[in-house]
Amino acid sequence: MELFQIVALALIQGLTEFLPISSSAHLILPTEVLGWPDQGLAFDVAVHFGSLIAVVVYFRRDVWVLLRDGLGGLVNNRYTDEGRLAWLIVLATIPAGLAGLAFKDFIESHLRHASVIAATTIGFGILLWWADVRGARTQALAQLNWKRALWIGMAQALALIPGTSRSGITITAGLMLGMKREAAARFSFLMSIPVIALSALLLTFDLLSLEQVPWSELVLGTVLSCISAYLCIHFFLQFINRIGMAPFAIYRLLLGAALIWMIVG
């Protein structure tokens, strides 16, 4: 790939992994508009790994406490709020894992089309706006129970459909269940750690079959994706209560319209 393509795709992946605006919709646009070649499996692994590093580093203290108290609860059968949250994250990860195993091949073969991405970008954008307006936004993260976590986990499974946006659908589900904006976003980001890790692991197994690996491109993609994802998480959590979800919903509508224009044009 050309240097500009590497930089652009890595930054796009890092930003759109955690903003509720669909990474797949953004990755298809430059390919269609600029005629770029497919970035390939190896690059996908690299940018996913960069996003994983970013979210783990940003929430490093939370991750440590979640691991410590979650595993500690198994030993002494006493769960702190953080220990309980750790197991709620595990519970919420199960639906996406099962759905991925069951439907991955079908989705890759039948749903990775611009028309599907345009429809889901618009449809789930409207749902995000509705959830933000109608949601009670009263529940803190400490008030999350296993039923709500499971519902959010089932919503996360829908993100396998291109254009849905993993962060978008999980934040939408959290808002619909009455969570505060920051609480829904924080839970969504923490949920992303096992999901991105599993995704990167599966892609890595596929990567082992490749004969040539462009290491310089992968390292650059990983670094840029990590930096952009880290900044995205930081500023999103800083401003989410102030700006709400309407700007992201409007952006998704415009993006979906651009995709439809590309299809019919």
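A salt bridge is a side-chain nitrogen of Lys or Arg within 4 Å of a carboxyl oxygen of Asp or Glu. With that in hand, look at the model, which is predicted.

**Salt bridges**

The whole structure holds six salt bridges. Three of them are set out here.

| Pair | N to O distance |
|---|---|
| Arginine 186 and aspartate 62 | 3.8 Å |
| Arginine 186 and glutamate 182 | 3.8 Å |
| Arginine 112 and glutamate 108 | 3.9 Å |

Which residues are linked in a network of salt bridges? They are Asp62, Glu182 and Arg186. Start with the pair of arginine 186 and aspartate 62, which form a salt bridge of 3.8 Å. Arginine 186 sits in helix α9 (residues 181–207) and aspartate 62 in helix α4, so their contact ties together parts that are 124 residues apart in sequence. The other link is local.

Now take the remaining pair in the table. Arginine 112 is partly exposed at 47%. Glutamate 108 is partly exposed at 44%.

**Helix packing**

Two packed helices are described by the angle between their axes and the distance between the axes. Helix α6 (residues 114–134) packs with helix α8 (residues 166–176) at about 30 degrees, and the axes are 8 Å apart. Angles under 35 degrees count as roughly parallel, so α6 is roughly parallel to α8. Their crossing is left-handed.

Helix α8 contains isoleucine 169. Is isoleucine 169 buried or exposed? Its relative accessibility is 6%, so it counts as buried. Isoleucine 152 is 17 residues from isoleucine 169 in sequence, and their C-alpha atoms are 8.3 Å apart.

**Two loop residues**

Asparagine 77 is not a glycine, yet its phi is positive, at about 60 degrees. The residue lies in the loop between α4 (60–76) and α5 (81–110). Asparagine 77 is exposed, with 63% relative accessible area.

Arginine 137 is not a glycine either, and has a positive phi of about 50 degrees. Its loop runs between α6 and α7 (146–157). Arginine 137 is partly exposed at 32%.

**A nonpolar patch**

Val219, Val223, Ile227, Leu231, Phe235, Phe239 and Ile243 form a nonpolar surface patch. Together they have about 600 Å² of accessible area. Valine 223 belongs to helix α10 (residues 215–243). At 41% relative accessible area, valine 223 is partly exposed.

Terms used
Residues numbered from 1 in each chain as written. Predicted model: local features only at pLDDT ≥ 70, side-chain atom pairs only at ≥ 80, totals over all residues. Heavy atoms only, no water. Patch = residues over 30% accessible without salt bridge, like charges linked within 9 Å, V, L, I, M, F, W, Y side chains within 5 Å. Areas by Shrake-Rupley, 256 points an atom, 1.4 Å probe, with all protein chains shown as cover. Helix = DSSP H or I, 4+ residues; strand = E, 2+ residues; numbered from the N terminus. Buried < 20%, exposed > 50% of the residue type's maximum accessible area, 1.4 Å probe, protein only. Axes fitted to C-alpha atoms, helices over the stretch in contact; angles between N-to-C directions. Parallel < 35°, antiparallel > 145°, perpendicular 65-115°, else oblique. Left-handed = near helix turned anticlockwise from the far one by under 90°.
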